[in-house]
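Subject: Handover of a structure and the findings from it

Dear colleague,

Please find below the structure that I am handing over to you. My notes on what was found in it follow directly after.

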Amino acid sequence: MKALRTSWTFFIYSNLFIAVCAVLLTHQLYRLVLNSPVNPQYAGFVFFSTLCSYSFHWYFSSTSVLPSARINWLNRFRNVHAIFFFLGLAGVLFFISYFLEFWPWLLAAAAATFLYSAPKIPNKYLRLLRKVALGKTIFLAAVWTYVTTVLPIIISGQDWTPAFSLFVISRYFLIYAICILFDLRDREDDKAAGIRSLITYLGTGSIKILFTISLLIFAIATLLLNNYHFSSVQIMLLSVPGIILALLYNRASRDFSDMLYYFVLDGLLAFSALLTLIAGI
């Protein structure tokens, strides 16, 4: 049991789990929206770019106001993030060669990813970004949506349709709602580090309203997909993580345990993708 628990902890805290979630989201986009098999080269790019960016981000995360098993693990195994950063970078450089014609779109994704983590780097100029990070939650959700939804649609060469727009909106506001909870959890850390975010300014009631509005937009966009080629079963499976997230809000706003956030909430990102994969639709 100890070996199993150690392996599970490594899988979550080393960012392998979140990289797998990103690939599942991409796979779902290809299956449900593009109606084609997933592009294996793009899936590889997504996996290694997620592993690279998250390893970079967590390498520079060493303290927390809240008790954190993940921070304790990080301080013991910081070399894991360094190794996975370079492994991820090598993977990105390999797979990106398949998409060089889309370099402006890929460069935009790389720049956005770097800017999210840049305030953590111990450089006085980069740390000035902490003062202007008001929309960092909006920004993070946009990056996730762009890489797992918008960019593969662009690479596919298909004409943009209203169904594409609705799916992008649905995915963005689910991710944004999850990010709101993460910002709520990190509020004291952000205040201590001098990072200005929307959640550090809002009160508890306003944060809940923002969360509720995000889930409502997610629900409306998801249900409107019924007007296109999406089946009722597909829409039901797409809706499941939003329902679970709504039910978890009260607990997640009080219980800041690492496994609740880095396994359950991160897992909700890709839960509907996993369900559609299992269901074979």
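Helices and strands are here DSSP runs, of at least four residues (H or I) for a helix and at least two (E) for a strand, and they are numbered from the N terminus. Please also bear in mind that this is a predicted model.

Overall fold

The chain contains 14 helices and 0 strands. Of its 281 residues, 49% count as buried.

Two loop residues with positive phi

Asn-35 is located in the loop that lies between α2 and α3 (40-59). Its phi is near 50°, which is a positive value in a residue other than glycine. Asn-35 counts as exposed because its relative accessibility is 53%, and the cut-off for exposed is over 50%.

A positive phi is also found at Asn-15, where the value is near 80° and the residue is again not glycine. This residue belongs to the loop between α1 (2-13) and α2. Is Asn-15 buried or exposed? With a relative accessibility of 1%, Asn-15 counts as buried, since buried means under 20%.

Salt bridges

The count of salt bridges comes to 2. In one of them, Asp-258 pairs with Arg-185, and the closest N and O atoms are 2.3 Å apart. This pair links distant parts of the chain, as Asp-258 is in helix α13 (residues 258-269) and Arg-185 is in helix α8, 73 residues apart. Both Asp-258 and Arg-185 are buried.

Another salt bridge joins the side chains of Arg-251 and Asp-255, at 3.2 Å from N to O. Arg-251 has a relative accessibility of 45% and therefore counts as partly exposed. Asp-255 is likewise partly exposed, at 23%.

The cavity

How many cavities of 30 Å³ or more does the structure hold? There is 1 such cavity. The largest share comes from α8, with 4 residues. In general terms, empty space of this kind is shown by rolling a probe the size of a water molecule over the atoms.

A nonpolar surface patch

On the surface, a nonpolar patch is formed by Ile-169, Ile-209, Ile-213 and Ile-217, which together have about 320 Å² of accessible area. Which helix gives the most to the patch? Helix α11 (residues 204-224) does, with 3 residues. Ile-217 is a residue of helix α11, and it counts as partly exposed because its relative accessibility is 31%.

Gln-234 is placed in helix α12 (residues 232-252). A polar atom of the Gln-234 side chain lies 2.9 Å from the backbone nitrogen of Ser-231. Gln-234 has a relative accessible area of 12% and is therefore buried.

With kind regards

Technical notes:
Residues numbered from 1 in each chain as written. Predicted model: local features only at pLDDT ≥ 70, side-chain atom pairs only at ≥ 80, totals over all residues. Heavy atoms only, no water. Patch = residues over 30% accessible without salt bridge, like charges linked within 9 Å, V, L, I, M, F, W, Y side chains within 5 Å. Areas by Shrake-Rupley, 256 points an atom, 1.4 Å probe, with all protein chains shown as cover. Salt bridge = Lys/Arg side-chain N within 4 Å of Asp/Glu carboxyl O. Buried < 20%, exposed > 50% of the residue type's maximum accessible area, 1.4 Å probe, protein only. Polar contact = N/O pair within 3.5 Å; in protein donor to acceptor, adjacent residues only side chain to side chain. 1 Å grid on protein atoms, 1.4 Å probe; cavity = no way out; pocket = protein on both sides within 12 Å on 5 of 7 lines; lining within 4 Å. Points joined across faces, edges and corners; volume = space filled by probe spheres on them.
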